[in-house]
Each structure stands twice: as C-alpha cells, then as structure tokens.
Amino acid sequence: FLLFLEFTHSKKMSQTKSKLVTTVKRKDIEEHSWEEQQSSVLKELTRLYTEVLLPTEKEYTYDLFRPSDYTDVLKAKTPLILFIGPFSSGKTTFINYLLGGDYLWTGPEPTTNKYTVVFHGKENNPVSGRILTSNPELPFGGLNTFGNDFLECFSGLQNPSEILKGITLVDSPGILETSSNHTRSYDYIGAMKWFIQHADLIFVMFDPSKLDAGQELRAMFQTALKGHESRIRILLNKADGISQHELMKVHGALFWNLSNMINTSEPPRVYVSSFWDKPYQPNTNHQLFESEKQALLYDMLHSVPMESLDRKVTSLLRRAEDVLIHAAVIGTAKSKLPKFFGKRKCKVETLDNIDQVFEEVQAKFRLPASNFPSDTEYKQFFTKHDLDDYRTLTAYEEKTGKIGALQRIMSQDIPGLLRSLTTAESVDPRKSGMLQAMLARHAKEHSIDPNPFRPL
C-alpha cells in the first residue's frame, strides 16, 4: 500500500511537470515576476469585459435573465483556496502552518464556527465580514445575498505572509456529523456552494478517527461540490498518529465512504501526511509523509495559480458566447415585430416559435445549438420583461458596434490569450517568490532539500 502511494505520488508529480502552463507574452505585458504577469493578464481580461461585454449585458439585461456575480470572478487577484472538513480535522492548524505562525485560534475542542478569508496585507489585522462584502474592489459582494446571520459568521484576516502574495486562503466552519441535532441560522450549503464555485482549489480534510459521513457531509458532496470534482483534493491528516497497518485500513475506509458521494471516472488526489510544523511521531513513514507534503505545496503554490489564470480566460470566453447568444436572440426576436399595428399578436407568435429565432441566430453566428438556453427560460423571462423595450440587433450594432467587437474578442483576443498561456516563453512560476519562500521555510524546519523540483 505504501509503495503504491509513493508510486502514485511520483506519477502525479511527473504528470504535473509535463503540463507546465506558462504565462501570457504580449507587447503590453512585460516579462517580470509571475505575480506581475498574472496581474497584467487580469487587467486585460477586466478591460475586455468592461469595454465590450458589459455594455451589451446592460443593453439586453443579461443579468436579469441569468443573475450572477461574474464581476467577482475578475476581482479575485489571487487564486482562492478553500478548506472544508469536519470539526477538529486540522483545517485551521494547516492554515497556520502555511502562514508560519499561530494567527488563527486553534484548540482540541471545535473552534472554527465561521468563515475566515486570509489575504495579504502589510500587518496582521482582522477585517469585518461586512467590510469585505461592501468593498467594490474585493470579490465577496455576492455573499451579501445570504443575509445578516451569515455576515455575523464571516470575517477576514490580513497577514504579511509571503505565501499570501500569490494565493488567498479560506477557512470554513466544521461540517456537523450529526446535523439533525443542530441547526444553522443561514443557508450553510448555499454559502458553501458560493465559495466552492469561486474556489480554484478545494481541500477536504479528514481525521483518521473521524471518517463517518454524516448528513451534512453527504449534502455537501451531492449538491455544493457536484460538478467541481476536478478541483477537489482529499487530505488525510494526522497520519503519523496511527501505525502503518492502521493507515492502510483508514485509507481504504476513506475511499469506501467517498465512493458513494463522488461520481467521477477518476477519484480525487489523496494526500496522506500530518499537515503542521510539529515533528512526525517515531516509527512512522516519515519519507512518505514528507514527499506528500511537498507534493501538496507544489500543487497549491505552482499548479493552481496557472490553472486559475487559464480558468479565468476560459470563463470570459464562455461568458462572451452566452452574452452574444442572449443579445442575438432578443435583438432578432424584436426585429420580427411590426412598427405600428399588431405588435401584441406578433409578440405571442414570436415567443411561441422562439426555436425558429434560435435557428436563425445559430446559422448567422455559427453557434452550436447545445449552448443555447431552453425556450422555456425565454418564455419565463418575457413574462416579466417586454420585448418591445429592447432594440433590434441591427440598430444596436449600427449605434455602438459592440456586436462586432464581441465577435472579435471571441475569435481573436481571448483565443490569443489562451494560446499565449500554453505556448509563450516567460518566467517559470516555480521561481515565484511565494513558492521559494515557502519551500525554504519548510526546508529549514525539517532539514530537507529546499528545491525538490529542480531538474535531475
């Protein structure tokens, strides 16, 4: 079993190294540090969204058709890493380990009953959750929808740790194992779903002595985590507290419990170690635990930032297509209405035959039918919004030129960013300051090689 874990670790590491994604190389983006390049790409994405997509969204009220907080996605300057798991599984302790100090309160009893966003700042200062959600420059405005009871359980912490220059950490309330005897004053699964949708990496932590899947954990996997399995990593914590024979049993039991909740062809990566700064217990597999811990740091500090940037570029491309479809459907449907008489009857006929409008838009813009909303969604939309309030697509394009601009960023600008992300030569993110600082501190604590990823 232990040899299998080591083989799996080696295989994953080699696959990760073979898929290195580099950053954008454009005339307006200088090749400096990875963090600076990342910031430059985000500025370019924000510019494209603000100048091209947003005006069309407002013109055709896209946010009323499909409400979202997409601007929060672009406001996130660093990848969001979410920690979830039962009480006392070691989530907060692991975050303190990453920060290099006891900045968050921990104890043997359950202590985390709120969400804490840990982000970079010059000094170590707590920040109110209401300030985080009301600040237009931060990506947490969408959390206001969960009400005052949630905001009482939401806070932030500014910290000067070097690692936070490249990532943002989120500690979450412990999952209740017997939720039937306890209730929360806000929509817990809904709030967790918001964080999961915005997270670039999700760590689900388990204590070897607490592997039972309670009602709340099942609801988490079956609803909030569903569809986001590729970003899940399982952490079997406190592994040095049991013998190697017991560890093999626990690992099997964990997979058995998760198999009923995760429906994917490939199970999530499982990291087995003790994720804190204390020495490992004697007579345990120190080499395996250390290699697992370093592999996790590599995944979190190197792979995730690059995948996060790629995901943001891809999300803007999807958003642009969705907005174009929406604008074209409404603008084309509006063009079917007569200028003076018989509008009411024509509106009913147009909406009853909205699939014909879909076909016309698909042919004109060469868009796949599978990406279109259902006709039911538009029929419900027009029960609250009058088709006559919108401009035809031709009139809007002649006045603003935004439809042509939208097509150009879909065919040129955004694909150009994606190509650059996979082909351009630039600064190797493994030389990023946050990764080097973390590995150096980790090496000093454990007397190991500070650069385990150098080529042989």
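This is a predicted model: local features need pLDDT of at least 70, side-chain atom pairs count only at pLDDT 80 or more; totals for chains, interfaces and linings use all residues.
Which helix supplies the largest share of the lining of the largest pocket? The answer is α11, which contributes 7 residues.

## The largest pocket

The volume of the largest pocket is about 1,100 Å³. Its lining is made up of 42 residues, and those nearest the centre of the pocket are Tyr 70, Asp 72, Val 73, Gln 197 and His 198. Besides α11, the elements that each supply at least two lining residues are α4 (70–75), β2 (115–120) and α8. Sorted by class, the lining of this pocket holds 16 nonpolar, 11 polar and 15 charged residues.

## The cavities

The model has 3 cavities of 30 Å³ or more. The largest cavity has a volume of about 40 Å³. Its lining consists of Tyr 62, Phe 65, Arg 66, Asp 322, Ile 325, His 326, Asn 371, Pro 373 and Tyr 378. Two helices, α3 (62–65) and α11 (286–335), each give at least two residues to this lining. Helix α11 again has the largest share, here with 3 residues. By class, the lining of the largest cavity has 5 nonpolar, 2 polar and 2 charged residues.

## Helix α10

Helix α10 covers residues 244–259, which makes 16 residues. At 1.5 Å a residue, a helix with this number of residues should span 22 Å, and the C-alpha atoms at the ends of α10 are 23 Å apart, so the two values agree.

Which residues of α10 are buried? They are Leu 247, Val 250, His 251, Leu 254 and Leu 258. Looking down the axis of α10, the buried residues fall within an arc of 105°, so they line one face of the helix. On the face turned away from the buried side are the exposed residues Lys 249 and Trp 256.

## Salt bridges

Side chains of opposite charge can pair when their charged atoms come close. The structure holds 16 salt bridges.

| Residue | Partner | Distance, N to O |
|---|---|---|
| Arg 319 | Glu 57 | 3.0 Å |
| Glu 152 | Arg 130 | 3.0 Å |
| Glu 216 | Arg 184 | 2.8 Å |

The side chains of Arg 319 and Glu 57 meet in a salt bridge. Arg 319 is part of helix α11 and Glu 57 is part of helix α2 (residues 34–59), so this pair ties together parts that are 262 residues apart in sequence. Are Arg 319 and Glu 57 buried or exposed? Both Arg 319 and Glu 57 are buried.

The second pair in the table joins Glu 152 and Arg 130. Glu 152 sits in the loop between α7 (147–151) and β4 (154–159), while Arg 130 belongs to helix α6 (residues 129–134), so the pair ties together parts that are 22 residues apart in sequence. Glu 152 is exposed, with a relative accessible area of 53%. Arg 130 is partly exposed, with a relative accessible area of 36%.

Glu 216 counts as buried at 10% relative accessibility, whereas Arg 184, at 24%, counts as partly exposed. There is also a network: salt bridges that share partners join Glu 44, Arg 47 and Glu 51.

## A loop residue

Where is Asp 102 placed? Asp 102 is in the loop between α5 (91–99) and β2. With a relative accessibility of 72%, Asp 102 counts as exposed. Asp 102 and Thr 92 are 10 residues apart along the chain, and their C-alpha atoms are separated by 9.3 Å.

Key: Residues are numbered from 1 along each chain as its sequence is written. Side-chain values use heavy atoms; hydrogens and water are left out. Helices (H or I, at least four residues) and strands (E, at least two) are DSSP runs, numbered from the N terminus. The expected span of a helix is 1.5 Å times one less than its number of residues. Buried means under 20% relative accessible area, exposed over 50%, partly exposed in between (1.4 Å probe, protein chains only). The arc is that of the directions from the helix axis to the C-beta atoms. On a 1 Å grid over the protein atoms alone, a cavity is a set of points where a 1.4 Å probe fits but cannot get out, and a pocket is an open set with protein on both sides within 12 Å along at least five of seven lines; lining residues have an atom within 4 Å of a point. Grid points are joined across faces, edges and corners, and a volume is the space filled by probe spheres set on the points. Ala, Val, Leu, Ile, Met, Phe, Trp, Tyr, Cys and Pro count as nonpolar, Asp, Glu, Lys and Arg as charged, and the others, Gly among them, as polar. A salt bridge is a side-chain nitrogen of Lys or Arg within 4 Å of a carboxyl oxygen of Asp or Glu.
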